[in-house]
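Visitor: I would like to learn how to read a ligand site and the strands beside it. Could we go through one case step by step?

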Amino acid sequence: MADYDIAVAGAGIVGMSCALWAQMRGHKVLLIDPEDPGSGTSYGNACTLATYACLPVNDPSVLSSLPSLMFSKDSPLSLSYAHALRNPRWMLSFLANCRAAPARRIAGHLADLLSHADAGINPLIEAASAQDLVVERGQLSVWSTEKAAKAASDGLERRRALGVPWREVDPEAALEMEPGLHLPIRRAVHFHAARSLRDPQEFITRMHRAFASLGGATLRAKAEAVSASGTGVELLAGGQGITANHAVIASGAFSNRIEGAGTRKLPLGTERGYHVMFEDEAHRVTRPVGWGEAGFYAVPHAQGLRLTGTVEIAALDAPMNTRRLAYIARKGAEMLGPLPAPSSEWLGYRPTLPDSLPVIGRSPQSDRVLYAFGHQHIGLTLGGITGRLITDLAEGRQPNVDLAPFAADRSFA
Ligand SMILES: Cc1cc2nc3c(=O)[nH]c(=O)nc-3n(C[C@H](O)[C@H](O)[C@H](O)COP(=O)(O)OP(=O)(O)OC[C@H]3O[C@@H](n4cnc5c(N)ncnc54)[C@H](O)[C@@H]3O)c2cc1C
């Protein structure tokens, strides 16, 4: 008999959601991570349950504005050329997926999955007694130039066509909603159905507590290798061999570093993102506010104002890019007026496949190994539903979401 029904490698929002869903369904679960639950990329994000975020970075507008995105010091996107040259397959696939037809297809698949996001996370919020961490004030997106305000129309209409609700807010009303904004506002849109969390790591800590109180076990170690047979899996972690009926690979951007999991050949890359915190300044905004042109959000986090976002395509192991942090702090002052010195700075790793769709499903090599990674900019939003779908698969149930677009053996373009 196996030691566990399910062993989950990774305790970010995705792995923790898989573990808690499975434990709530009565399975014997082991959660494996060398770090505290929720201390990776799931710690430092923009805190938004972004059910509207079905348009990934792959978009035709990226192709048309590539030169200015690449070379302007005011660009929310930056690219390490050395990294791009070392990873031509990922880069070329990513760009190919910016063409109109694949971008439309990808947005449709993400919108489908996002339509189940609340149903995936709400039971976890309840199980973790985390209702007090949830803010129901939507997300406000603003644009400060006529050109960008106009250019936003196409994406907004595509969202509307995919079922995402939003409402236009006139600039004066936007300032009444968020009096701390110092920008000239040319356009504002309220995604009123979105929610946010005051503190994503606190949420995951409470999920972990609920998991433990239901009998879930935790091993503080790195999963080093997995081997599967017809009857189960064996994981090597922290020098021990652990047997389970199923292994779930949910190690975020590091998911292709586990020997034998079959993930090495998948084109998993990372879009690095940053945050800068300002303690005692959380009152500057009352909900996540995104500034379209600048590519980042101002967020009222439990521990202060968090300015967070931007995309840096560079290696996982490359050092922090201080120019990115300076960009966020400088643009933050443009957005909100003068700010004090930051209280902390952070770099995180969005796990991204070149088509910006996550991998959720069985490994092509073994039904016993389940993949749950690659949630790019929306893992906090999609972690809950991913956990439920993975538990369905481990139980041999038919999930109520079509998982074909998220299969590991799809074409990544
Ligand atoms: C700047 C920024 C802003 C963002 N804003 C939002 C937002 O507002 N809304 C949203 O929905 N998403 C947002 N995201 C995206 C979201 O944070 C990620 O998609 C999500 O955190 C990914 O979760 P994860 O569990 O896959 O990875 P992680 O949180 O990185 O967790 C992976 C875990 O695996 C562990 N691990 C690694 N290797 C091993 C191993 N070998 N064995 C065991 N464990 C291992 C790590 O220690 C870590 O704990 C943002 C991301 C960034 C960077």
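Visitor: Which residue in S9 does Thr 48 stand opposite?

Guide: Bear in mind that this is a predicted model. Thr 48 stands opposite Ser 196 in S9. S3 and strand S9 (residues 195–197) run antiparallel and are joined by two bridges.

Visitor: In what order do the strands of this open sheet lie?

Guide: The order is S3-S9-S5, three strands with antiparallel pairing. Strand S3 (48–49) and strand S5 (134–135) are the edge strands, each pairing on one side only.

Visitor: Which backbone atoms lie 2.8 Å from a nitrogen atom of the ligand?

Guide: A polar contact is a pair of N or O atoms within 3.5 Å. Here a backbone N or O atom of Thr 48 lies 2.8 Å from a ligand nitrogen, and a backbone N or O atom of Ala 223 also lies 2.8 Å from a ligand nitrogen. For Val 14, a polar backbone atom is 3.1 Å from an oxygen atom of the ligand. On its own the ligand has 1000 Å² of accessible area, and the protein covers 95% of that.

Visitor: How many residues surround the ligand?

Guide: There are 34, and the closest are Asp 33, Ser 42, Gln 376, His 377 and Thr 381. By class, the shell has 13 nonpolar, 17 polar and four charged residues.

Visitor: Which element gives the most to the shell?

Guide: H12 does, with three residues. Helix H1 (13–24), strand S14 (269–278), strand S17 (304–313) and helix H12 (379–395) each supply at least two. Domain 1 and domain 2 each contribute at least three residues to the shell.

Note on methods:
Residues numbered from 1 in each chain as written. Predicted model: local features only at pLDDT ≥ 70, side-chain atom pairs only at ≥ 80, totals over all residues. Heavy atoms only, no water. Near = heavy atom within 4 Å. Polar contact = N/O pair within 3.5 Å; in protein donor to acceptor, adjacent residues only side chain to side chain. Areas by Shrake-Rupley, 256 points an atom, 1.4 Å probe, with all protein chains shown as cover. Helix = DSSP H or I, 4+ residues; strand = E, 2+ residues; numbered from the N terminus. Nonpolar A, V, L, I, M, F, W, Y, C, P; charged D, E, K, R; others polar. Domains from an automatic or database assignment. Pairing = 2+ DSSP bridges.
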